[in-house]
Amino acid sequence: MAPTEHGECFVLDDGGEVDLDLGNYERYLNITLTHNNNITTGKIYQHVINKERKGDYLGRTVQIVPHLTNAIQDWIENVAKVPVDDTGEEPDACIIELGGTVGDIESAPFVEAMRQLRRRAGRDNFLQIHVSLVPVISGEQKTKPTQQAIRDVRAAGLAPDLIACRCSEPLQESTINKVAMFCQVESEQVVAVHDVHSTYHVPLLLEKQGFVKQLSSLFRLQDSQIPQSLVDKGQKIWSSWKTLTTSQERYLETDKVSIALVGKYTNLHDSYLSVIKSLEHSAMAIHRKLDLRWIDASELEQATLDAHPENYHKAWHQLCTADGVLVPGGFGTRGTEGMIKAAQWARTKPKPYLGICLGMQIAVIEYARSKLGLKDATSEEFDTQSDNKLVIFMPEIDTKTMGGNMRLGLRPTLFQDGSEWSKLRKMYGGAPVINERHRHRYEVNPAYIDKLSAAGLNFIGKDDKAERMEVVELKDHPYFVGVQFHPEYLSRVLRPSPPYLGFMAASAGMLDAVTSRRPSISSVIVNGEGHDINGGHSNGVMM
């Protein structure tokens, strides 16, 4: 999946590579999903074809209706029953996001399946929310696109219960009434979702408009008996959410922490969506305002100085004046020399540095060049002919197949003996073992580990076989950490990712204060699992 076309590829515990929207659901709802929560056209067609090949249809003609539409409904019903947190209980509700636009050829079978699913689910068990854009033209809020969209939806057999109107500004009362009248719903069924200061304020915006009451009424939740303990837990989480997210508005310019993100796909910010969210979670946790600076790694290289010196000097100015440097994951050779220069800058100045996946490999290559004198140190991904490949293709990976052949999913990392000094380990509450999600096909070359360690680069975290390097850290540095995994996939609003939280705290000059508040490991690991008492992964730490 090209990041510049699809945005970030999100990875789940089971190794499923899915749409970035599933990351949003995990972050907001503090749940753990599987690859089956992501249904694509290709996946559902393959599912039906496989059933036909096995003879499940007994030789009958296989058609879009009913076979494909039934398969979609069955898939949704099966997935809806799978527990998504560590309570182990079957969920009470399932959210279905039907992407695309009504009328698209690709989404037609899914729209028909939803029409049938409403009937299958039964009265008071199915609710449709239609999301529509209300553009503002010459100062006037236009409702015609919404009116036409609702006509098309109804023509397809769906009847929206709520209409969520996206707009750049708060909806006027006259606009709400117009949508309600021409779309044949009550004014209370029109939900205004205008642009707000932060996406974390959207739940507050919905609550203010009585969204919860609308859901309770349409689903008849008032007839359900909800244990008081769950009510209290929900109210506590909601109170924490409001306290944390509304505090953003009070941050001053003096509370700002500037982070230089040195990447390859900076022209589409969604390529690093989970990284952005992890930084935001950590900034809120330390009560600081995030100033994220986007730097195209290639603009730090000599070629840019020769061709576009103004871009080169601007990029270096942004890097040199930032409080911290972050190099995220990526593939290919473009911009890697610029990343190496950024890592060298952070190491020598010294400035807090966090390298994720490729960013860790970059840190290793830079250290080998500077400290071991290996001027041609590189990665096999960049140069297959080099004599000093510090990063190599993992032996178990198929070198001829590009798709779906990476080391994926939740895997353990063991902190090594003698690493108690590690700033990162302290951020994990001193945990001996952590579980994080991976997505990579290259690894640090084991043949160079002893030389690098002797030169001062500490490999403090390894896999469960002690063969694969997972974490590197410099001891006498404010914060110089590289991790082979992607900790951003498990960051949550109320429980930031430890590597990101440590990085942000170090960049703000608050690392000692933050690490002194980290809980001991005995208080966070429940039943030996990587989950906390609130549901979801603890990553060895609980806020």
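This is a predicted model: local features need pLDDT of at least 70, side-chain atom pairs count only at pLDDT 80 or more; totals for chains, interfaces and linings use all residues.
"In which sense do strand S11 and strand S19 pair, and over how many bridges? Hi everyone, let's start there. Strand S11, residues 353-356, and strand S19, residues 480-483, run in the parallel sense, and four bridges hold the pairing.

S11 and S19 belong to an open sheet of nine strands, and its order reads S9-S8-S10-S11-S19-S18-S17-S14-S15. The pairing across the sheet is mixed. At the edges you find S9, residues 289-296, and S15, residues 433-440; each has a single partner strand, so one side of each has no neighbour in the sheet. On average, neighbouring strands are turned by 25° against each other, if you ignore direction.

Two helices to look at next. Helix H11, residues 273-285, packs on this sheet and touches S8, S9 and S10. Its direction makes about 150° with that of S9. Helix H15, residues 358-371, also packs on the sheet, and its contacts are with S10, S11, S17, S18 and S19. For H15, the angle with the direction of S11 is about 115°.

On to the charges, which I know some of you have been waiting for. Searching the whole structure gives 21 salt bridges. Let me pick a few.

Asp 124 pairs with Arg 220, with the closest N and O atoms 2.9 Å apart. These two sit 96 residues apart: Asp 124 is in the loop between helix H5 and strand S3, and Arg 220 is in the loop between helix H9 and helix H10. Both ends are partly exposed, Asp 124 with a relative accessible area of 27% and Arg 220 with 39%.

Next, is Arg 468 buried or exposed? It is buried, at 10% relative accessible area. Its salt bridge goes to Glu 396, with 3.1 Å between the closest N and O atoms. Glu 396 is partly exposed, at 47%. Arg 468 lies in the loop between S17 and S18, while Glu 396 lies in the loop between S13 and S14, so this pair ties together parts 72 residues apart in sequence.

There is also a network: Asp 13, Glu 26, Arg 437 and Arg 492 are joined by salt bridges that share partners.

Glu 140 is partly exposed at 42%, and Lys 142 is partly exposed at 30%. Thanks, everyone!"

Note on methods
Residues are numbered from 1 along each chain as its sequence is written. Side-chain values use heavy atoms; hydrogens and water are left out. Two strands pair if DSSP finds at least two bridges between them. Axes are lines fitted to C-alpha atoms, for helices over the stretch in contact, and angles run from 0 to 180 degrees between N-to-C directions. Contact means heavy atoms within 4.5 Å. A salt bridge is a side-chain nitrogen of Lys or Arg within 4 Å of a carboxyl oxygen of Asp or Glu. Buried means under 20% relative accessible area, exposed over 50%, partly exposed in between (1.4 Å probe, protein chains only).
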